[in-house]
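Visitor: Can you walk me through this one? Let's start with the pocket.

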Amino acid sequence: LISCSDESPGQETVAANNRVARQVDGLIVASSMLNDADYQKLSEQLPVVLFDRHMNDSSLPLVLTDSITPTATLVADIARQHPDEFYFLGGQPRLSPTRDRLEGFKQGLRDAGVELRPEWIIHGNYHPSSGYEMFAELCARLGRPPKALFTAACGLLEGVLRYMGQHNLLQSDMRLASFDDHYLYDSLTIPVDTVRQDNRQLAWHCFDLIGKLIEGETPEPIQRKLDATLQRRYKSVE
């Protein structure tokens, strides 16, 4: 059974309680909550695995991708070429993926010897419409596309690409990078360098943990951070 909370903690609580009422065997949760108190309580009744997002150093079983290290590596490479202008479009700052990917962005700038300017950091939410609106406002403010841009998720990049397509910007020389990859990016006229998560491994580890917990076993390790890879497309078109 799959439920979507639309990033609403209240709606998430209702959805989780409904699943428990339907006597599910376990929960795998990409939570929008700021602490794990509710899930710690639920874990006394059934197994709970946190997925993609961490909160307040929770001891609950967890599966996520290391966002900071690969983001820093990718950002540093681009920042060395565009030290004077490099923007970050992110989702809600309270969510751990936003915080981790922003930390990777900042670390990448530091590694490249580039000083972060506060106006480079722009936050919205993870819906494509938010990516569209943030990028439209940025282009209006600058009077042109930025020289370099990193989006914190593929949904945000979708909005950026929609704006670029509508305004004939897909042939621009903007350096574009994102967290999350999609095979359709191979077909774009503008190259997009990405941090690629291993979705199969993420799914496997979630089900490995929840399955063993349901069977009463104690899986090791109980918290798992997976590596990501970089998908570089910019060099292939130089």
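Guide: Helix H7 gives the most to the lining of the largest pocket, with 5 residues. Helices (H or I, at least four residues) and strands (E, at least two) are DSSP runs, numbered from the N terminus.

Visitor: What kind of model is it?
Guide: This is a predicted model: local features need pLDDT of at least 70, side-chain atom pairs pLDDT 80 or more, while totals for chains, interfaces and linings use all residues. Residues are numbered from 1 along each chain as its sequence is written, and side-chain values use heavy atoms, without hydrogens and water.

Visitor: What volume does the largest pocket have?
Guide: About 1,200 Å³, as the space filled by probe spheres set on grid points joined across faces, edges and corners. A pocket is an open set of points on a 1 Å grid over the protein atoms alone, where a 1.4 Å probe fits, with protein on both sides within 12 Å along at least five of seven lines; lining residues have an atom within 4 Å of a point.

Visitor: Why does it lie between the domains?
Guide: Domain 1 (9–65 + 198–230) and domain 2 (67–196) both give residues to the lining of the largest pocket, so it lies between them. The bounds come from an automatic or database domain assignment.

Visitor: Now the sheet. What is the strand order?
Guide: S1-S2-S3-S9, open, with parallel pairing. Two strands pair if DSSP finds at least two bridges between them.

Visitor: How many bridges join S2 to S3?
Guide: 2 bridges. Leucine 50 has leucine 62 in S3 as its bridge partner.
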